[in-house]
Amino acid sequence: ARELNLEDKVVTYAGADEVLATLLAFFLAQRAGLRHNNASQAPSAHLIFSPDTKESCFSRYEGQPIGQSVQNQLRACGVKLAPQEAHADFIVLVHLPESRQGDHIHLPGQPDLRKVDTDRAAASTLAQLEKAGKPVVLCDVAYANGADPLLIDGLLSKPALLSKLWGYGGWNTTGNASGSAIALGVCRWFGGQAEQRRQAADIALKRCLFVRFADDYAYQTQVRPQISGTMAASELAALMAPHLSRIGDALNCHPGAVTVKQPWQRAFEIEVSMGAAEAAAGSL
């Protein structure tokens with residue numbers, strides 16, 4: 001990249017599974033600038049870490065601080081940083097652990113980090129959401145390989161806070177979670193720029209949030225610890241059903257037929273599929 005003078009167009013950073021969402025977000029950010037013939041029309045975000053002193057917390061599987069990982073993902077998505085909330089299109093709120101990033105997976109020979117202290121961090125993040133005056137993209141990275149159950153329990157009990165979200169991610173690595181969440185925020189920002197498309201953008205956003213909470217929280221932190229491997233789709237659906245009902249009620253999103261399965265016959269991930277979107281969704 002340096003030899004070809006492409007350093008402003010090539011980004012090397014920790015992440016992989018989120019990259020298609022990242023590329024889509026970057027395309028939309030660039031398109032917005034071209035549409036207005038003004039590069040300043042690219043999306044801007046105000047970055048907040050919660051707790052605010054923990055951005056140097058080490059990111060598992062990435063070999064770098066969480067703060068560095070998140071800022072790389074913002075750059076890759078084409079998002080500019082705004083020093084103040086008032087000058088931003090949305091807020092990127094990074095939910096961190098008190099000291100050490102947890103991990104819902106216990107690897108042989110490694111410390112058991114399946115339960116870390118996030119009491120004060122969750123309270124801080126919920127408070128930040130309460131006072132946010134702009135839409136929020138929530139990067140839930142207190143744990144690797146799943147959401148912070150304490151945070152999500154708090155969110156699901158406060159639907160008014162959920163209505164502020166433009167994005168959420170809490171799966172796998174810091175880069176995977178934050179990159180996909182930021183990309184979703186960019187998509188909602190772009191989709192809602194035209195007034196006649198905002199309703200469709202909001203419906204699409206709710207469906208995306210439903211899937212993320214179903215996977216990152218319901219499966220990874222609630223159901224997966226109960227199972228030892230792969231299982232029939234009907235059994236998996238029965239275990240997921242009460243969690244999906246709660247998520248749907250909190251989001252006011254009832255997509256009808258929802259199917260869950262383990263498409264690659266392993267417990268590491270599931271696929272959450274929904275029926276056709278409501279007729280009001282239209283085309284973005």
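A: Let's start with Glu271, which is partly exposed, with a relative accessible area of 30%. Keep in mind that this is a predicted model. The side chain of Glu271 meets that of Lys261 in a salt bridge, with N and O 3.6 Å apart. Glu271 sits in strand 11 (residues 271–274) and Lys261 in strand 10 (residues 258–261), so the pair ties together parts that are 10 residues apart in sequence. Lys261 is also partly exposed, at 42% relative accessibility.

Now for another pair. Asp215 and Arg212 form a salt bridge too, at 3.8 Å from N to O. These two are both in helix 7 (residues 198–223), three residues apart, which puts about one helical turn between them. Asp215 is buried, because its relative accessible area of 11% falls under the 20% cut-off. Arg212 is buried as well, at 18%. Along with Asp216, Arg212 and Asp215 are linked in a network of salt bridges.

A further example is Arg2 with Glu7, where the closest N and O atoms are 3.7 Å apart. Here Arg2 is exposed at 66%, while Glu7 is partly exposed at 43%.

Stepping back, the count of salt bridges comes to 11. The chain carries 26 positive and 28 negative side chains, and the centres of those two sets lie 4 Å apart. As for the fold, there are eight helices and 11 strands, and buried residues make up 50% of the 284 residues.

Notes. Residues are numbered from 1 along each chain as its sequence is written. This is a predicted model: local features need pLDDT of at least 70, side-chain atom pairs count only at pLDDT 80 or more; totals for chains, interfaces and linings use all residues. Side-chain values use heavy atoms; hydrogens and water are left out. Helices (H or I, at least four residues) and strands (E, at least two) are DSSP runs, numbered from the N terminus. Buried means under 20% relative accessible area, exposed over 50%, partly exposed in between (1.4 Å probe, protein chains only). Lys and Arg count as positive and Asp and Glu as negative; His and the chain ends are not counted. The place of a charge is taken as NZ of Lys, CZ of Arg, CG of Asp or CD of Glu. A salt bridge is a side-chain nitrogen of Lys or Arg within 4 Å of a carboxyl oxygen of Asp or Glu.
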